[in-house]
Amino acid sequence: MTDTADTSDGLPGDGEPRRRSRKSRLLRWAALGASVAVAAAAVLGWSVYQKLDGNIRTDPDTTRELEQYAAERPEAVVHGALDILVIGSDNRGDGNGEYGRDSGSQRSDTTMLLHLAADRRSATAVSIPRDLMVDIPACDKPDGTRTAAQFAQFNWAFEFAGAACTIRTVEQLTGIRVDHHMIVDFNGFKRMVDAVGGVEVCLAEPVNDLRAQLRLPAGRQLLGGEEALGYVRARYSLGDGTDTERMARQQQFLAAMVKKVQSSGVLFNPARLYPLLDAATASLTTDPGLASLKDLYDPARGMREIPASGMRFLTVPRQPYRFDANRDELVQPDASVLFQALIDDERVAVSEEAGTAAQEDTRAEGPSSYLGTTAEDSMCE
């Protein structure tokens, strides 16, 4: 009797080579497809990076002017700490004319000094009142002329001579070395608010402000970019009508916005992160040291890891100017104590009510806490 071939013991039959060949081809096609996908993702990622990187406008003129005054500028004290001056630009000749009658002028009603601690565990944003009476140094103007040194309200520095004059004024006022600066325009702010899906606010009374083009009912509501801009700019129809109250509202709104970005997964969701980055970068004019995504990465990463309770917002201690109640002046020694704490990279406490010093000599010690808020606080509680 003749034995028949048995292929069940692992010896290949006629169909086995064909099956292996087909499997091999499928694996090669899968590998090729994966390679194409990776390459496409890399090209897309690079395109996105280039797009965002190209959004950022650079301000080399300010850097060159500051270099002329290097000898008079304060030195940084704590290695690794960063102080960034954030200037809100009211440039109504750049698509922002609907917010006022002025056309083409450069103004700044909002200026904040952002201090990032060296350990990146806290950040403190200090608002500087636009009407604060300060010594403004002689500055070079864009047209080649020069302003005279003068004692005037703070926002004149930016209006007359731009960012370099503002930085020098802040450094002279505080003794703090400004490491970088950012100028943020109106339209960028609106787009950033829209990119995070709006920010929730609570109003005790309805608002009808013709100057800010804002009409809102009372109660809890979600503000989109256009309404949010009107809300943070409104002055006479909200609160007591002072710029100080408006700054407090701006701080509360920014704290709420930071909290939403941190808590809603925006930073880890590419579909939501890209519109935010696109809006943010398109709204920025920076010094060359922050003029790319790579340069912005360190401070941005540091702020991402700061807990909400560590993000503090406050206004420099101020009071009505003794010779003109429509202007402000610093409260001393409270302001100097605050500035020194930032210079030394020390923790600054904030609360809804400023605390007094632990010792009786408050003029020597300054307050134990400053009027302000954190990103942990809620506007609707």
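Is F160 buried, exposed or partly exposed? With a relative accessible area of 33%, F160 is partly exposed, because buried means under 20% and exposed over 50%. The model behind this value is predicted.

## F160 and its partner W156

F160 pairs with W156. Their ring centres lie 5.5 Å apart, and the planes make an angle of 50°. That makes the pair tilted, because stacked rings need planes under 30 degrees apart and edge-to-face rings need over 60.

Both residues sit in helix α3, 4 residues apart, so about one helical turn separates them. W156 has 32% relative accessibility and therefore also counts as partly exposed.

## Other aromatic residues

The whole structure holds 5 aromatic pairs. One aromatic cluster is formed by F151, Y321 and F323.

## Helix α3 against helix α2

Helix α3 covers residues 156-174, and helix α2 covers residues 60-68. Their axes come within 8 Å and cross at roughly 45°. The two helices are therefore oblique to each other. Angles from 65 to 115 degrees would count as roughly perpendicular, and those under 35 as roughly parallel. The crossing of α2 past α3 is right-handed.

Which residues of α2 meet α3? They are T62, E65 and L66. On the α3 side, the contact involves A163, A164, I167 and R168. By class, this contact has 4 nonpolar, 1 polar and 2 charged residues.

Methods:
Residues are numbered from 1 along each chain as its sequence is written. This is a predicted model: local features need pLDDT of at least 70, side-chain atom pairs count only at pLDDT 80 or more; totals for chains, interfaces and linings use all residues. Side-chain values use heavy atoms; hydrogens and water are left out. Axes are lines fitted to C-alpha atoms, for helices over the stretch in contact, and angles run from 0 to 180 degrees between N-to-C directions. Angles under 35 degrees count as roughly parallel, over 145 as roughly antiparallel, 65 to 115 as roughly perpendicular and the rest as oblique. A crossing is left-handed if the near helix is turned anticlockwise from the far one by less than a right angle, and right-handed if clockwise. Contact means heavy atoms within 4.5 Å. Ala, Val, Leu, Ile, Met, Phe, Trp, Tyr, Cys and Pro count as nonpolar, Asp, Glu, Lys and Arg as charged, and the others, Gly among them, as polar. Rings of Phe, Tyr and Trp (its six-membered ring) pair if their centres lie within 6.5 Å; planes under 30 degrees apart count as stacked, over 60 as edge-to-face and the rest as tilted. Buried means under 20% relative accessible area, exposed over 50%, partly exposed in between (1.4 Å probe, protein chains only).
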